Amino acid sequence: MAPKGTFENNFEDYSEATALTVLNETQDAISSRFHTKLQKYTDAKLHFLTTELASDIFYDNTVYTGSAGLALYYFMSALKKKETYTENLRNALLYLNINNLKGRRISFLCGDAGPLALATVISYKLGKDATDLPDYKTLAQRLTSLMSLLNASPDELLYGKSGYLYALLFVNKYIDERSIIPPHLMEKVIFSILKSGKEYSEQVKSSSPLLWHWHDKVYLGGAHGVAGILYILLQAQAHISANDMQNFIKPTLDWLLNQKFPSGNFPSSLKSASGDRLVQWCHGAPGFVPLLILAYQIFGDDKYIKTALQCGNAVWDRGLTTKGYSICHGVSGNAYTFIQLYQVTKQPIHLYRACCFTEWCCLERSGTELQPPERPASLFEGLVGRLLLARDMQAVQLAHFPAYTV
C-alpha cells in the first residue's frame, strides 16, 4: 500500500527488456516512438495553453506563477533547437512584461530578477533584432539595481537572496562578457547569505556552521531551505573563498546529510512534525539530488553520489505524489531527479525512470491529480512545467531543472 500522499508506483522497474518500450536500442536516449509521442503531446498542450488557458498565463509577471514562466520555456526551447532559435526567442518576448515590475521582491522565481534576467539575455542574443527591448546593458543595470533590496530580503531561493544570486549567475552564463555582472556584486550577495547563515547558527548554537531560517522555521529543502541555498552557493563557487568552502559550506553540507531519513528522503524542516512524508522538489529528496551531485563533482567524495542515489530510489518508490504534476510539488519536478542522475551516471535505469514519470504526467489518468493547481497555466504549478519536462526529455543531456540549475 502506498504511503499517504502518494500513489502506488505500478511501473515495472528497469530491465533491458522493459526499457526498450521507451528507450532506443543503445539505451542512451529515448526511442523515436516515445519522442514522437512527447512531441505530439507538446504541440497539443501548447495550443491548449495559449488558447483555453490564455488568460491565466498573465496572472502575474513572475517566472513561478506568471507569464515569465512561459518566456523561460521558450528561451530554453531556443537553446535546444537551432532551426527555431530566433522564433523561440521572439515568442519568449511576448510573455515578458518588464514595464510593470513592482520592485518589491528580489528573486528569480517570484520577484523582478527573473523577468529582468531573461530580458537581459534575450536582448543580448537577439542583438539589433531586439527592437522591443532596451539594450542588454541597460537591462543588466536594472537587474543589479535590485541590490538595494538585499538587506531586507530573506536568504532562501523562492523569494530571497539565493534566488537573486541565481539570476546573476543566469545572466553571466548566457552573456559572454565578464563585466556584465561585476564580480564584486556577486561576492556582495554571497557575503550577505553567508553572514546570515553564520549569525543564525551562532544564535541558535547549531552544530552546523551555517543555518538559515524562513518564517521561524529551519527549512531543509530546495525552495526555502538549506539545500536550495547551498546548491546556488556551490554553483557560484568561483566567487567563494577556499576558507568559506572548506570551513563553512562543506561542513554544513555534511551536517545536512546527517538529517536524512533511513528511507533516503529528507525532512521538510528541522524537527519537522510531519516526519518522513513529503517527497517533492520543494520539500524532500528531489530538491537534494542536484546539490549532492554537484557536491560530488566539486569535493570528489563518494558519499554524496551514494546519498543522491538513495534519494533517487526514494523518489521512485514514493514520488508519484497525489498533489499532481507540478514542478514544485508534483511528479514533473520529481522526474528531474532521474534526469539529473542519468546525466552524471549515464546509467539507463535513471533515464527509464524519468520516462515513466514523464509518461505519468502526460497521460493525465483520471484521479491522479487530487489537488488541481491554483495557477494551471504556470511553470511551477501548472502545464508549462510539464511542457518543459517533455521538451527536456527529447534532449536529456541539455536538460536543466528550471530556475534551480544554472
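**Cysteines**

I began with C356, which counts as buried at 4% relative accessibility. This is a predicted model, so I read every value here as computed. I then looked for a bonding partner: the closest cysteine sulfur to that of C356 belongs to C355, 6.9 Å away, too far for a bond. A disulfide would need the two sulfur atoms within 2.5 Å. C355 is buried as well, at 1% relative accessibility. From the side of C355, the closest cysteine sulfur is the one in C356, again at 6.9 Å and too far for a bond. My tally for the structure is 0 disulfides.

**Helix 14**

Next I checked the length of helix 14. Its 15 residues should span 21 Å at 1.5 Å a residue, and I found its end C-alpha atoms 22 Å apart, which agrees. I also asked myself how many of its residues are buried. I counted 12 of the 15, so I noted helix 14 as mostly covered. V331, Y336, F338 and Y342 are among the buried ones. For what covers them, I listed helix 12 (289–299), helix 13, helix 15 (348–363) and helix 16 (383–393) among the elements included. Just past the end of helix 14, I noticed that K346 takes a positive phi of about 60°.

**Aromatic rings**

I turned to the rings and found 27 aromatic pairs in the structure. In the pair F299 and Y304, the ring centres are 6.3 Å apart and the planes meet at 50°, so I logged the pair as tilted. Both F299 and Y304 are buried. For W316 and F338, I have centres 6.2 Å apart and planes at 80°, so that pair is edge-to-face. The pair links distant parts of the chain, with W316 in helix 13 (residues 302–318) and F338 in helix 14 (residues 331–345), 22 residues apart. W316 counts as buried at 5% relative accessibility, and F338 is buried at 0%.

I also picked out one aromatic cluster, formed by Y64, Y231, W281, Y336, F380, F401 and Y404. Y336 took me back to helix 14, where it is one of the buried residues.

**Charges over rings**

Which ring does R375 lie over? I found R375 over the face of Y59, at 3.8 Å from the ring centre. K45 lies over the face of F48, and there the distance to the ring centre is 5.3 Å.

**Helix 8**

Then I looked up helix 8 (residues 161–174). This helix has 14 residues and reaches 20 Å from its first C-alpha to its last, close to the 20 Å expected. Helix 8 is mostly covered, with 12 of its 14 residues buried. I noted K161, Y164, F170 and Y174 among the buried ones. The buried residues of helix 8 pack against helix 4, helix 6 (113–126), helix 7 (136–145), helix 9 (183–204) and helix 10 (226–235).

**A78 in helix 4**

A78 sits in helix 4, which runs over residues 67–80. Is A78 buried or exposed? I read a relative accessible area of 1%, so A78 is buried. Leaving out residues up to four places away in sequence, I found A78 touching Y85, N88 and L89. For N88 I also took the C-alpha to C-alpha distance: N88 and A78 are 10 residues apart in sequence and 5.1 Å apart in space.

Terms used. Residues numbered from 1 in each chain as written. Predicted model: local features only at pLDDT ≥ 70, side-chain atom pairs only at ≥ 80, totals over all residues. Heavy atoms only, no water. Helix = DSSP H or I, 4+ residues; strand = E, 2+ residues; numbered from the N terminus. Buried < 20%, exposed > 50% of the residue type's maximum accessible area, 1.4 Å probe, protein only. Contact = heavy atoms within 4.5 Å. Expected span 1.5 Å × (residues − 1). Phe/Tyr/Trp six-rings, centres within 6.5 Å; stacked < 30°, edge-to-face > 60°. Lys NZ or Arg CZ within 6 Å of the ring centre and 35° of its normal.
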